[in-house]
Every structure is written in structure tokens, then in C-alpha cells.
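Q: Could you take a close look at one strand for me, covering how it sits in the fold and what its side chains do? I would like the cut-offs spelled out along the way.

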Amino acid sequence: MTGRSRGYITGVDILRRRAVVAGLLAALLAACTPAAGPPDGGESSATPSRTPSAGAALLAVKIDNVGPARPQTGLEDADLVYAEQVEGGLSRLMALYGTRAPRTVGPVRSARETDLELLGRFDRPTLAFSGAQSALLPAIEKAPLRAVTPGEAEGAFFRGSDRPAPHNLYLRPGKLGRTVSGTNAGTLAGYRFAARRPDGGRPVTERTVRFPAARFTFSWSDAEHRWRVAMDGRAAVTAGGARLEAATVVVQYVQVRDSRLHDKLGNASPLSRTVGAGRAEVLRDGRSYPARWQRPTAADGTAFTAADGGAPLPFAPGPVWVVLAKA
């Protein structure tokens with residue numbers, strides 16, 4: 001949502017207020033990214049890196065995820081999709097594109113504090129969103145990213161006629177200039193990839209993760225060798241009707257607490273902390289692997305290791321979905 005009457009500030013306001021300082025709020029972010037690796041196979045380092053990847057452009061888009069916003073456009077082209085909890089226990093997505101950008105993506109919605117910490121590991125990514133609460137502006141202004149809203153890039157956004165506002169704002173990434181570099185977003189996030197699945201794990205055909213007012217279900221398809229995505233009890237599909245699928249699904253258990261921000265109804269805005277360490281579950285090749293995750297600072301990538309010995313736990317090449325579940 002945009003508009004001052006709802007407590008949000010548009011891109012014009014962001015431009016007017018943007019400070020010369022390009023630093024980062026110490027409590028939220030730092031401005032580095034892990035080194036790049038192979039985009040679609042092989043293996044990359046499992047050790048989180050603080051070395052920026054020169055020219056590794058990345059596009060992140062906040063995506064609406066309530067019933068009237070579905071089916072979304074462009075999610076099938078994302079290298080990496082994060083599912084995070086927002087006000088009222090609902091969910092919202094952040095789609096990351098490094099390999100290629102879709103022609104159209106959306107519906108685009110507003111940014112959250114969780115997004116800033118998530119993006120701290122990348123080298124000045126582009127974050128496309130519809131607006132933000134005024135109290136969040138100082139962090140957005142100081143974050144090492146390119147903030148893009150309808151007010152800043154009017155020609156890149158448009159309203160569709162297929163559904164009512166606010167669920168009809170779309171982005172044409174091609175209108176933003178160079179937003180991707182061909183390097184996989186998962187590699188830039190510090191994830192390790194390998195075609196051969198790890199030893200161990202247990203066979204799993206379905207896994208459901210619940211938020212207070214949303215749920216995600218991932219069902220293994222032997223035929224597609226992918227996890228088929230369902231949201232809130234319904235199959236998730238592309239705008240063209242194909243099933244949304246992931247090669248790897250990660251259930252990452254994190255601290256989820258109320259932030260200082262609230263929506264117009266007074267609901268607290270949840271903050272999911274992705275810096276630190278905790279347990280996780282990695283789903284790949286029809287199997288479930290207990291895991292641990294570690295990210296020392298917001299400038300670091302996230303390393304996933306096997307829970308039973310600390311060996312690096314590689315993901316399957318292909319799209320990755322990460323659900324930030326409450327620990």
C-alpha cells in the first residue's frame with residue numbers, strides 16, 4: 001500500500017529524504033556479500049563470505065501473498081523465494097532474481113524490516129516495493145541497496161485491470177536498467193549446491209509449515225523431481241496455470257518477535273531475525289535432512305550444515321524456497 005493516509009511513504013518521499021550517508025544501521029545491516037559460485041550446479045563454498053561480488057547485480061521484489069493476489073506473476077523465474085510472516089499472522093514473499101529477471105513480476109507490495117536484514121549479505125541489490133511505513137524510512141535510506149518504488153521509477157510500475165487495488169501493482173524489471181548479472185541468487189546468499197544428494201535423510205513426500213494465519217505445503221513429485229508448492233491449502237500456480245515448484249525447500253527456524261512498527265489497524269509488524277544460528281530442515285530429492293544454520297552478521301551469507309556432524313549440507317540445483325518459521 002502507498003499513500004500518507006495509511007502510514008506509508010512513496011518513492012518521492014524517499015528521494016527527498018535520502019541522506020548522503022550510505023552506511024548501515026548497525027543494528028540491522030552491513031554492506032558486503034558472499035563470493036559468487038556456479039549458478040546451476042557443481043558446488044560453492046559453504047563458508048559465509050564477507051567479500052563483495054563485483055558486478056553481481058541482484059533484484060529483490062516484495063510480492064503480495066493473500067488470496068486476491070494469486071496467482072502471482074514471475075515467481076517461477078526466481079532463483080530464491082523467502083516466505084516471511086507479516087501483520088495478522090499472514091505471509092508475504094520476497095523473490096530474488098540473479099540469473100535472469102522476468103518480464104513482469106507482482107503483485108508488488110510494501111517492504112518490512114525483515115527484508116533489510118535479509119538483503120544485508122548482497123552487494124547493493126535493487127529492492128522493488130510499493131512503499132514503506134514512515135518509521136522504517138531511516139533504515140531504508142541508510143541501507144546499502146537501491147530502493148525502487150512507483151514514485152522513483154514510475155514507468156517501471158503499472159496497475160493491472162485483472163484485480164482490485166492494492167493487489168494489482170506490477171513491475172517491469174526491464175525498465176530499471178541492469179538489475180541482474182547472471183549469478184544465482186542462492187549462491188550469493190552463501191548457499192552450497194551439488195547435484196548429488198547428501199547421504200542420510202529420511203524419505204518425505206509432504207511437508208506443511210504453518211504461520212498463525214497462513215500455511216505452506218510442499219509435496220514431492222517423482223515425475224518432476226521437484227517440490228510442488230501449495231499455499232493456504234490451494235495449489236500454487238503461475239499466471240499461465242503451471243505449478244510452482246522448488247528443487248530445494250528450507251524450513252529455517254528463526255526468532256520472530258514484534259518490532260516497533262504497527263500497521264494501520266494497530267497490529268505489530270513481526271521481525272524475523274536471520275542473523276545468528278538455529279535449527280533448520282532441508283528438503284531435497286524427496287528426503288528431509290535435519291540441519292543447522294549459521295549467519296554471524298548481516299554482511300555474511302548463511303551456511304547450512306548437517307545437524308548430526310556439521311558437514312556442509314548442499315542444496316539441489318534449481319529454485320530454492322525458504323520459509324522463515326518461528327523457532
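A: Happy to. In strand 17, A268, P270 and S272 point one way while S269, L271 and R273 point the other way, and all are buried. Buried here means under 20% relative accessible area, with exposed being over 50% and partly exposed in between, using a 1.4 Å probe and protein chains only. Strands are DSSP runs of E with at least two residues, helices are runs of H or I with at least four, and both are numbered from the N terminus.

A word on the model before going on: this is a predicted model, in which local features need pLDDT of at least 70 and side-chain atom pairs count only at pLDDT 80 or more, while totals for chains, interfaces and linings use all residues. Residues are numbered from 1 along each chain as its sequence is written, and side-chain values use heavy atoms, leaving out hydrogens and water. The average pLDDT of the protein chain is 85, and 82% of the residues score at least 70; pLDDT is the predictor's confidence in each residue, from 0 to 100.

Back to the strand. Because six of the six residues in strand 17 (residues 268-273) are buried, the rest of the structure largely encloses it. Its partner is strand 16 (residues 248-262), which runs antiparallel to strand 17 and is joined to it by five bridges. Two strands count as paired if DSSP finds at least two bridges between them. Within this pairing, V256 stands opposite S272 of strand 17.

A salt bridge is a side-chain nitrogen of Lys or Arg within 4 Å of a carboxyl oxygen of Asp or Glu. Side chains of opposite charge can pair when their charged atoms come close.

For context, the whole structure holds 12 salt bridges. Another of them joins D285 to R284, with the closest N and O atoms 2.5 Å apart, and D285 and R284 are likewise buried. Across the protein chain, buried residues make up 56% of the 327 residues, and the chain has four helices and 21 strands.
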